[in-house]
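Morning, everyone. I will go through one model today, starting with a helix and ending with the domains.

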Amino acid sequence: MSVETITTISPITNKPILTRNGVSAAGLKLLPEVATEAFLSFRKTTLADRQAIVKKALKLLGDKQDILAKELTEQMGRPIAYTAKEVTTAVKRGEYLLKISEETLKDTEGEAEKGFKRFIRKVPVGPVLILFAWNYPYLILINSLIPALLAGNSVILKPSPQTPTIVEHITSIFEEAGLTQNVIQYFHCGSPTTIESIVRDPKVALICFTGSVAGGLAVQKAAADRIVNVGLELGGKDPAYIRSDVDVAWAAEEIVDGAIFNSGQSCCSLERIYVDEKIHDEFVKAVQSVLKNYKLGDPFDEKTHLGPVVSKHSKETIEAHIKDALEKGAKDATPENDSFKSPPPDGNFVKPTLLTNVDHSMIVMTEESFGPILPVMKVKGDTEAIKLMNDSEFGLTASIWTKDGEKGAELAEQVDAGTVFVNRCDYPSPDLAWTGWKNSGKGVTLSKFGFEQFVKLKSLHFKDYPK
């Protein structure tokens with residue numbers, strides 16, 4: 001049986017730009033076997049040795065940021081003005097995880113007792129399968145790869161077909177940094193059946209998946225007939241609540257950036273915006289003023305703010321959400337902007353769309369759009385805002401915008417989400433746990449808690465030999 005050919009389609013031109021061969025059945029079976037062999041050796045290395053490799057690899061990654069940035073723009077369409085920042089942020093995130101690794105992975109001492117020594121050791125789980133998405137591939141990969149390696153695990157990577165070169169660069173970088181060959185392996189795949197097969201392999205000790213809810217459910221289902229942990233980082237429908245006491249112009253700048261950066265293609269982009277009725281009209285005008293200065297267009301132009309969305313299907317989904325809202329009474333309040341009228345003709349370009357008069361009967365307020373839409377809903381105050389923010393199947397992040405820090409903290413406690421910001425949004429801070437509630441996923445990355453899925457606990461209990 002021939003292997004599949006995987007083609008990457010440019011979101012800028014809708015033309016093929018890369019092809020990769022998928023993994024054969026024999027190759028797929030071999031991956032966990034090789035990973036197990038590599039793990040049995042790698043687990044014996046010291047944490048200091050692993051830290052040295054990671055430190056060198058992060059330096060090499062940073063050194064290649066300009067090359068990697070260009071490839072990101074080519075493959076997923078984010079403007080070149082911003083892609084290098086993903087690599088530098090990934091390096092900083094990795095450096096933080098490296099910094100806390102010794103303290104996080106150290107033994108936990110038991111109660112002191114004469115004649116006994118007891119402690120709990122964190123030991124690596126084994127071969128880890130990491131399936132990760134295209135929208136922030138370096139950031140997403142760092143979340144799992146760095147703690148997995150620092151804990152002493154081997155790793156099998158499966159990138160999105162949209163950004164296939166990521167794993168090739170990462171594997172090369174870590175081997176250059178001194179990592180033993182086969183501690184990191186990768187395969188290219190576009191077939192759900194192939195993914196299900198490796199998820200079911202008993203040699204795979206942990207599965208980390210970042211992507212859609214449907215994809216996460218499929219992975220969880222495939223793993224359901226064996227005892228294995230599955231970490232899922234899934235979608236979001238992240239809300240913001242703008243209280244009446246804010247500086248409206250400042251809030252508008254922040255909200256627009258949080259909603260449409262990367263063309264809204266982030267699990268923690270703002271997708272629902274609730275505004276106190278006292279400032280609603282003023283806020284909408286402020287958002288319009290901000291949007292007038294955005295440029296939609298060629299992502300290789302340094303002045304471009306917004307490039308294409310990733311695929312024709314994504315564009316169609318976003319446009320369907322807008323159409324549904326307009327048919328149900330929403331108003332398109334997007335300001336005049338020449339770049340919005342005449343984007344490049346061949347790619348998947350979607351203008352940022354400001355919608356008002358929206359409500360929860362509309363798809364745009366309930367389902368993940370993953371695009372540059374700003375749906376603004378008027379609310380009477382705190383009570384209604386919190387109720388609406390929590391009226392969602394998702395719970396990844398949420399934000400409260402207010403001058404009153406005490407009230408912001410009080411409201412944050414009432415929001416059902418893994419991360420709640422006050423006067424900020426769309427920023428996974430590495431010292432905090434990145435975790436989804438409800439259909440936004442399960443498991444944790446980042447912070448000291450992000451190491452926990454990559455280790456298992458071993459209690460050691462020693463009694464002095466009687467004389």
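**Helix, core and domains**

Helix α2 covers residues 47-63, and its 17 residues should span 24 Å at 1.5 Å a residue, which agrees with the 24 Å between its end C-alpha atoms. The expected span is 1.5 Å times one less than the number of residues, and helices are DSSP runs of H or I, at least four residues, numbered from the N terminus.

This is a predicted model: local features need pLDDT of at least 70, side-chain atom pairs count only at pLDDT 80 or more, and totals for chains, interfaces and linings use all residues. Residues are numbered from 1 along each chain as its sequence is written, and side-chain values use heavy atoms, with hydrogens and water left out.

The buried residues of α2 include Arg 50, Gln 51 and Leu 61; buried means under 20% relative accessible area with a 1.4 Å probe, protein chains only. The buried residues of α2 pack against α1 (25-42), α3 (65-76), α4 (80-105), α5 and α6 (165-176).

Now the core. The largest nonpolar core has 59 residues, and Ile 170 and Phe 174 have the most contacts inside it. Such a core is a set of buried Ala, Val, Leu, Ile, Met, Phe, Trp, Tyr and Cys residues joined through side-chain atoms within 4.5 Å. Helix α5 (residues 137-151) gives the most to this core, 11 residues. Domain 1 (5-234 + 440-462) and domain 2 (238-422) both contribute residues, so this core lies between them. The bounds come from an automatic or database domain assignment.

Last, the count between domain 1 and domain 2 is 0 salt bridges, meaning a side-chain nitrogen of Lys or Arg within 4 Å of a carboxyl oxygen of Asp or Glu.

Key:
Buried < 20%, exposed > 50% of the residue type's maximum accessible area, 1.4 Å probe, protein only. Helix = DSSP H or I, 4+ residues; strand = E, 2+ residues; numbered from the N terminus. Contact = heavy atoms within 4.5 Å.
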